Amino acid sequence: MKLGPRVAIIATLLMAAVLAAAMGSVLVVLRGDQLADLDREAHALADAIVMGLEPLPADRAGLAMKARVAAVAKAGGEFRLEAVAWGGQRPNNSWAGLVEEATKLDAPVGRLFDLRGIPPFYAMAIPLHNAAPGEPKRQVVAFLGLVRDGGFINQDLLASAKRLLPLLGVFVAGFAVAVYVMLMRRVATPLRRLVDAIDGASKGDLSRAVLPERDDEIGSLAGRFNAMMNYLREAREKEARATAARVATEAHLRHAEKLATVGQMAAEIAHEVGTPLNVIGGRARTLARRSSEQAEVEKNAEIISTQVDRITKSISQVLDYSRKNRPTTGEVDVAKTVRDTLEFVEEDLKKHKIEVALTCEPELRPIPGNADEIQQVCLNLIMNAVHAMAGGGKLGVVIEYVIRRKEGLDLAPPAPYLMIAIADTGPGVPQEDRARIFEAFFTTKDKGEGTGLGLAVSHGIVKDHDGFMEVGDSPGGGAVFRVFLPLPSERESDQAKPDATPPPQPVA
Ligand SMILES: Nc1ncnc2c1ncn2[C@@H]1O[C@H](COP(=O)(O)OP(=O)(O)OP(=O)(O)O)[C@@H](O)[C@H]1O
Ligand SMILES: [Mg+2]
């Protein structure tokens with residue numbers, strides 16, 4: 001049961017008990033008053049009877065009393081008389097107690113008798129004397145009994161209680177309603193609003209102004225709550241500002257880092273471009289000299305074309321690396337991108353006798369990103385795998401949804417990603433090189449074979465897509481490169497599988 005009704009019921013029950021006790025006390029006082037009135041009336045009547053009968057000679061006492069009893073009975077009325085004792089006639093048991101007391105006091109003694117099993121009645125024993133007060137021979141010669149039915153007292157009290165009860169009911173009901181309304185308005189409603197606000201806050205809504213501040217406990221609770229909300233709101237805004245500033249600084253630093261690398265690149269370029277240019281120059285001159293020899297022309301043209309391709313590749317990689325972050329708007333059908341890339345390198349795969357196994361999540365949805373850039377990442381990774389398996393091998397490509405915690409963000413909650421894993425059966429990446437392979441110009445290939453920019457460029461692209469990359473050991477014996485690209489919304493996360501995705505297996 002809720003607080004409002006519960007407190008209202010308890011308060012009403014207490015109030016009803018207090019009122020019932022008060023009503024009981026009033027009835028007791030009323031009963032006492034009625035008894036006193038009855039006693040006074042009986043004494044007045046006894047005085048009148050005594051005055052009419054005294055002095056009463058002992059020998060006439062019986063007759064005189066009976067005559068008076070008969071006269072009173074005849075007159076009717078609420079009281080009746082009884083001749084209780086005279087001469088040799090002793091009082092019966094029911095009168096004995098009153099007669100004894102009246103004898104001791106030498107005065108009328110009356111009392112209400114409310115005995116079990118018989119209706120209540122009032123009885124008074126009246127002593128009668130044989131002489132006037134003050135005379136030496138005066139003594140009690142007889143006792144008259146005065147009796148009245150006492151049931152009317154209880155009936156009157158019952159009638160009073162019946163008149164009071166409806167009033168009591170109305171009062172208690174009014175009190176209950178007043179307590180309930182007051183509790184709802186002053187306590188339950190403000191508390192409910194406070195609970196709503198706490199629920200809202202737990203869901204991230206810190207904007208609620210809860211209650212007007214009041215000068216009581218609930219008011220101070222609301223005041224503290226509002227202060228806490230303000231504090232949380234400010235803290236959240238501060239954190240958002242700090243995060244935005246950090247992201248901007250990181251972007252600047254990354255770009256600055258790249259520009260610094262571009263300087264280093266200039267020297268590499270001089271070598272990368274200079275050597276093929278020398279070759280091209282020499283071959284072009286040979287071509288000019290021996291243009292009549294068909295075989296010589298074809299050979300030199302081929303060499304010139306290869307060297308130009310080399311220069312073009314170097315230049316395009318340098319451009320890729322030094323470019324400013326481009327927005328990654330657009331959509332990428334990752335399965336199609338991977339298939340297209342495998343088609344591009346079909347010739348190389350055949351040449352090196354590499355078998356391919358592609359496993360793809362069914363019903364893959366497009367993810368936000370730049371399709372050309374993702375294709376470049378796939379191409380770099382596949383070409384690296386091809387280079388690692390120059391003597392033949394197996395290339396396993398897996399595309400699937402996973403739930404992962406971003407590397408280095410141990411406190412961040414795990415999030416859904418689309419993973420592209422490319423595994424080969426080459427020699428793998430030695431542990432000591434793993435920290436460096438994503439650096440620009442890190443290469444283990446011979447001069448002219450690789451610039452060491454493929455993974456650096458790929459890493460940059462994946463980072464621009466808010467994703468991350470990792471390298472590991474493939475159970476097939478070679479290396480496995482995994483690319484994690486974030487999914488656009490929670491909808492897709494429903495399809496994601498928990499962590500611990502086994503690395504893709506090259507074809508058996
Ligand atoms: N699948 C792989 N197996 C073994 N080693 C690899 C693999 N992929 C990359 N590496 C190592 O990482 C290094 C850096 O690779 P990266 O692609 O950045 O440059 P590169 O392939 O050497 O040159 P390029 O600029 O032509 O791509 C490689 O030289 C190689 O030592
Ligand atoms: Mg490479």
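Here is a quick walk through this predicted model, from the whole chain down to one residue.

Some housekeeping, then. Residues are numbered from 1 along each chain as its sequence is written, and chains are lettered from A and ligands numbered from 1 in the order in which they are written. Because the model is predicted, local features need pLDDT of at least 70 and side-chain atom pairs count only at pLDDT 80 or more, while totals for chains, interfaces and linings use all residues.

So, confidence. The chain averages a pLDDT (the predictor's confidence in each residue, from 0 to 100) of 86, with 90% of its residues at 70 or more. Residues 491-508 are another matter: pLDDT there is below 50, although the stretch has 50 contacts in the model beyond near neighbours in sequence. By contact I mean C-beta atoms, placed from the backbone, within 7 Å. Where pLDDT is low, the predicted coordinates should not be read in detail.

Now the overall picture. We have 12 helices and 11 strands; these are DSSP runs, H or I of at least four residues for helices and E of at least two for strands, numbered from the N terminus. Of the contacts with a separation of 6 or more, 71% join residues 24 or more positions apart. Buried residues make up 24% of the 508 in the chain, where buried takes 20 or more other C-beta atoms within 10 Å of a residue's own, exposed takes 12 or fewer, and partly exposed is in between, with C-beta atoms placed from the backbone.

Which helix is largely enclosed by the rest of the structure? That's H11, residues 454-464, with 9 of its 11 residues buried. Among them are Leu-455, His-459 and Ile-461. Just after H11, Asp-466 has a positive phi of about 70 degrees.

Next, a helix pair. The axes of H7 (residues 334-344) and H9 (residues 371-388) come within 9 Å and cross at roughly 50 degrees. That makes H7 oblique to H9; angles under 35 degrees count as roughly parallel, over 145 as roughly antiparallel, 65 to 115 as roughly perpendicular and the rest as oblique. On the H7 side, the residues meeting H9 include Val-338 and Phe-344, and on the H9 side they include Ile-374 and Leu-379.

Last stop, Ile-218, in helix H5 (residues 217-289). Buried or partly exposed? Partly exposed, with 16 other C-beta atoms within 10 Å. Leaving aside neighbours within four places in sequence, Ile-218 contacts Val-187 and Pro-190. Its C-alpha is 7.3 Å from that of Val-187, 31 residues apart along the chain.

Methods. Axes fitted to C-alpha atoms, helices over the stretch in contact; angles between N-to-C directions. Contact = placed C-beta atoms within 7 Å.
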